[in-house]
Amino acid sequence: MTTAATPRFAANETRARSFAAGLALVLTLGLLASLDQVADRQYDAALMADAASNVPTQLVVITATRLPRTA
């Protein structure tokens with residue numbers, strides 16, 4: 001009884017698919033990292049522009065208890 005060996009083209013196809021999947025993963029992660037940096041820069045610029053246009057506001061809160069009334 002003989003067993004069928006994996007054809008050579010099937011083994012090469014598996015290696016090619018693995019390489020393509022790894023390359024796609026690296027490219028996708030690189031693209032996401034660069035988009036993250038662009039978004040951070042835009043957010044920082046928007047935050048600084050908003051902070052420059054807003055005038056600081058002071059809020060004073062006074063809490064006290066009233067003294068008892070004397071007749």
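A salt bridge is counted here when a side-chain nitrogen of Lys or Arg lies within 4 Å of a carboxyl oxygen of Asp or Glu. The structure is a predicted model, in which local features need pLDDT of at least 70 and side-chain atom pairs count only at pLDDT 80 or more, whereas totals for chains, interfaces and linings use all residues. Residues are numbered from 1 along each chain as its sequence is written, and side-chain values use heavy atoms, with hydrogens and water left out.

The protein chain contains 1 helix and 0 strands (DSSP runs numbered from the N terminus: helices are H or I of at least four residues, strands E of at least two). Of its 71 residues, 0% are buried (under 20% relative accessible area, with exposed over 50% and partly exposed in between; 1.4 Å probe, protein chains only).

R17 pairs with E13, their closest N and O atoms being 2.8 Å apart. Both residues belong to helix α1 and are separated by 4 residues, about one turn of the helix. R17 counts as exposed because its relative accessibility is 58%; E13, at 37%, counts as partly exposed.

Helix α1 spans residues 8-53 and includes L29. Together with L25, L31, L32 and L35, L29 makes a nonpolar surface patch of about 510 Å².

Definitions and conventions. Patch = residues over 30% accessible without salt bridge, like charges linked within 9 Å, V, L, I, M, F, W, Y side chains within 5 Å. Areas by Shrake-Rupley, 256 points an atom, 1.4 Å probe, with all protein chains shown as cover.
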